[in-house]
Amino acid sequence: MYSIMIADDEPMIRKGLQKLIQQSGQPVSSLRLAENGEDALQQIREERPDFLFTDIRMPKLDGLELCRHVSELDPSIHIVVVSGYSDFEYAQKCLSYGVKEYVLKPISKKTVEAALIKLTHLHTLQQSQTFVSVQRLEEWVGAMEDAIWSLDYKGLSGMLNKVQLELQAQRLRLNQWIDVLGEFSALLYKRLLGRDVFSFIEKLDLTGVKNEDEVWSRFAASLEQLFAELKVKRRGKLKDPVEEAKQYIETHLAEEVSLEEVAGRIGLNASYFSQLFKQTTQETFVQYRTRRRMEKAKKLLAQPHYRITDISGEVGYADHPHFTKTFKKHTGLLPSEFRNKLGIE
């Protein structure tokens with residue numbers, strides 16, 4: 001699947017080229033339009049295309065400058081210059097900026113298809129030169145499987161660092177990161193299921209990723225979660241780790257329990273637990289604990305025999321002014337004002 005950007009200040013040309021590309025029969029995953037070079041460059045910085053079709057004469061940033069910027073930003077983007085006969089000599093100046101093809105106006109279906117065939121061939125050749133070999137991928141998966149199955153967290157972290165550094169050195173495109181890590185995950189789960197001891201469901205979802213960092217973050221998090229899941233299975237515990245954490249927080253609201261302490265209680269790495277808790281609850285550990293403390297404080301304030309100073313201690317605040325300030329921040333009222341609204345003097 002190919003990602004394509006069209007940059008042209010003439011709406012009719014943009015739409016016409018878009019239609020011809022869509023009719024070309026090439027597998028296109030994304031087809032974005034830009035009305036000038038500046039707009040195109042901004043979009044390219046946000047998400048790199050495989051191919052760029054650009055006009056020469058555009059406002060704000062012309063095609064020549066756009067080609068120069070793109071070649072500096074990512075030389076693996078294949079560029080096609082769309083120009084009129086009067087611009088042809090000017091267009092040839094783009095040669096040093098990695099231009100692979102020219103399409104002369106008026107644009108025809110035949111010339112667009114020919115340009116795309118050339119680009120896809122170059123793209124395939126480029127991939128074959130930079131993609132990870134099957135043998136290397138098998139080595140990585142084997143080492144990762146050993147680390148996870150033996151619950152060797154140091155080994156897991158070491159392999160993650162090693163794989164990330166090697167992939168970064170390959171200068172892969174976004175779609176290549178997705179392909180490699182998607183295949184990595186599938187092979188790893190296949191191996192673990194082949195041991196026929198525990199069942200696992202693959203959790204890696206790379207839908208809608210915007211850049212290489214997000215792909216890697218999701219991949220690493222999925223392996224951390226797999227590691228934690230196996231650890232729980234080995235202990236014979238079937239509780240969800242976040243639900244277990246919530247129960248522990250609930251029974252220790254009066255204490256200053258740290259994230260590290262809760263993570264240790266349920267057998268998870270603190271960094272992974274923090275990420276998992278936020279993904280599951282949409283709150284950080286501290287936000288969740290504070291909200292539950294305030295909800296408990298409101299219940300206690302509704303009972304007249306509790307003194308406000310005692311309630312602050314019951315919900316984990318040795319410093320009464322801190323409790324008062326936090327309560328007002330969450331409810332808009334001081335504890336005494338909250339009681340007054342309930343008719344309690």
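1. Basis. The model is predicted: local features need pLDDT of at least 70, side-chain atom pairs count only at pLDDT 80 or more, and totals for chains, interfaces and linings use all residues. Residues are numbered from 1 along each chain as its sequence is written, and side-chain values use heavy atoms, with hydrogens and water left out. Helices (H or I, at least four residues) and strands (E, at least two) are DSSP runs, numbered from the N terminus.

2. Two strands count as paired if DSSP finds at least two bridges between them. Strands of a sheet pair through backbone hydrogen bonds, either parallel or antiparallel.

3. Pairing within the sheet. β1 (residues 2–7) and β2 run parallel and are joined by six bridges; Ile6 stands opposite Leu33 in β2. On pairing with β3 (residues 51–55), β1 makes four bridges in the parallel sense, and Ala7 stands opposite Thr54 in β3. β3 and β4 (residues 78–83) pair in the parallel sense over five bridges. In β4, Val80 is the bridge partner of Phe53 and Val82 that of Asp55.

4. Cover of β3. Five of the five residues of β3 are buried (buried means under 20% relative accessible area, exposed over 50%, partly exposed in between, with a 1.4 Å probe and protein chains only). In a regular strand the side chains alternate between the two faces of the sheet. Here Phe51, Phe53 and Asp55 lie on one side and Leu52 and Thr54 on the other, and both faces are covered.

5. Crossovers. β1, α1 and β2 form a right-handed β-α-β unit, as do β3, helix α3 (residues 63–73) and β4. A crossover is right-handed if, with the strands pointing away from the viewer, the path from the first strand over the helix to the second runs clockwise.

6. Helix α1. At 1.5 Å a residue (the expected span is 1.5 Å times one less than the number of residues), the twelve residues of α1 (residues 11–22) should span 16 Å, and the end C-alpha atoms are 16 Å apart, which agrees. Its buried residues are Ile13, Arg14, Leu17, Gln18, Leu20 and Ile21. The face turned away from the buried side carries the exposed residues Met12, Lys15, Lys19 and Gln22.

7. Contact means heavy atoms within 4.5 Å.

8. Thr326. This residue is in helix α15 (residues 320–331). Leaving aside neighbours within four places in sequence, Thr326 is in contact with Thr290, Met294 and Tyr317.
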